[in-house]
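I'll jot down what I look up, entry by entry.

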Amino acid sequence: MENTIKVERAILSLTQDDLAKKIGVSRQTINSIEANRYVPSTVLALKLSKLFNKPVNEFFKLSEDD
Amino acid sequence: MNFKKVSECERTKLESFLDKFQLPNVFKKVGLTVFVLSFLLLTVIKFIDGEPIWLKPALKQFMLVGLLVISISKEKIEDELIQILRSKSYSLAFIIGVIYIMLQPIFDKATDFILGLDPQPNDTGYVQVLLFMLLIQIGFFEVLKRNR
């Protein structure tokens, strides 16, 4: 799974900490998601979708090995 | 369907029930204090003669309680990644605990054989096993948390 959370976050001028607070997780969790070390749950993905005002599949994409 | 309902769909009743077993983050320090004090007292009474017979088992129980309180205390931000890491640490502690129980008598016998000692009866008690498993769980959880 690949994602463009970092880009979306930059568009909204949010730091990792700001984004974390907005969706109720820790900054380390945002860092893990951005680094593709952790794939978030559907709930978290939908929270991000609501915040970015974009469908989930616009910033989460399956990689070739998925 | 609003976000709260979506969130509720993902959580089973059992998960909600398990959440009630968790203590607030402040209890982590309480647990650590109980564990350290019990450990220190247990060390001190080794050098003192004539302590009450109930003191040693009681202090071991307090050590267990301290570790259990640390183990079930929430993090400052208890999010889904932390819950996954916590689950992984419990799985690892369980598996390593079982391996420890299976291998410990073999190690004891091997040590006795190598040192030429008479074989001693296996005295692996539940306190020792639980202390080991809780320490492994807390240790792995901290390692996983740092490497998340």
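**Entry 1: chain B overall.** I started with burial: 14% of the 148 residues in chain B are buried. For my notes, buried means 20 or more other C-beta atoms within 10 Å of a residue's own, exposed means 12 or fewer, and partly exposed lies in between, with C-beta atoms placed from the backbone. This is a predicted model, where local features need pLDDT of at least 70 and side-chain atom pairs count only at pLDDT 80 or more, while totals for chains, interfaces and linings use all residues. Residues are numbered from 1 along each chain as its sequence is written, and chains are lettered from A and ligands numbered from 1 in the order in which they are written.

Next I looked at the secondary structure. Chain B has six helices and zero strands, so I mean DSSP runs here: helices are H or I with at least four residues, strands are E with at least two, and both are numbered from the N terminus. Along the sequence I read the pattern α-α-α-α-α-α.

Then I checked contacts, meaning two residues whose C-beta atoms, placed from the backbone, lie within 7 Å. In chain B, 82% of the contacts with a separation of 6 or more are between residues 24 or more positions apart.

**Entry 2: the two domains of chain B.** I noted domain 1 as 1-74 and domain 2 as 77-148; such bounds come from an automatic or database domain assignment. Eight residues of domain 1 of chain B are in contact with eight residues of domain 2 of chain B. On the domain 1 side I found five nonpolar, one polar and two charged residues. The classes go like this: Ala, Val, Leu, Ile, Met, Phe, Trp, Tyr, Cys and Pro are nonpolar, Asp, Glu, Lys and Arg are charged, and the others, Gly among them, are polar.

**Entry 3: helix H3 of chain B.** H3(B) covers residues 27-45, and its 19 residues reach 27 Å from first C-alpha to last, close to the 27 Å expected at 1.5 Å a residue. That expected span is 1.5 Å times one less than the number of residues. Which residues of H3(B) are buried? I get Gly31(B), Val34(B), Phe35(B) and Ser38(B). Seen down the axis of H3(B), they fall within an arc of 95°, so they line one face of the helix. The arc is that of the directions from the helix axis to the C-beta atoms. Turned away from the buried side are the exposed residues Lys29(B), Thr33(B), Val36(B), Leu40(B), Thr43(B) and Val44(B). Helix H4 (55-71) of chain B is included in what covers the buried residues of H3(B).

**Entry 4: helix H4 of chain B.** I checked the length: the 17 residues of H4(B) should span 24 Å at 1.5 Å a residue, and the end C-alpha atoms are 24 Å apart, which agrees. Buried in H4(B) are Leu59(B), Met63(B), Gly66(B), Leu67(B), Ile70(B) and Ser71(B). They cover an arc of only 135° around the axis, which puts them on the same side of H4(B). Pro57(B) and Gln61(B) are the exposed residues on the face turned away from that side. The cover over the buried residues of H4(B) includes H3 and helix H6 (126-146) of chain B.

**Entry 5: Lys109(B).** I found Lys109(B) in helix H5 of chain B. With 13 C-beta neighbours inside 10 Å, Lys109(B) counts as partly exposed. The C-alpha atoms of Lys109(B) and Pro119(B) are 6.5 Å apart, with the two residues 10 apart along the chain.

**Entry 6: chain A.** Chain A has five helices and two strands, and from the N terminus on I read β-α-α-α-α-α-β. Of its 66 residues, 21% count as buried. The C-alpha trace of chain A spans about 30 × 25 × 20 Å along its principal axes.

In helix H3 of chain A (residues 27-34), the buried residues are Thr29(A), Ile30(A) and Ile33(A). Their arc, seen down the axis of H3(A), is within 100°, so they line one face of the helix. They pack against strand E1 (2-3), helix H1 (5-11) and helix H2 (16-23) of chain A, together with H5 of chain B. Just after H3(A), Asn36(A) takes a positive phi of about 60°.

**Entry 7: where the chains meet.** Nine residues of chain B are in contact with 13 residues of chain A. On the chain B side, helix H1 (3-10) and helix H5 (80-115) each supply at least two residues. The largest share, four residues, comes from H1(B). By class, I noted four nonpolar, one polar and four charged on that side.
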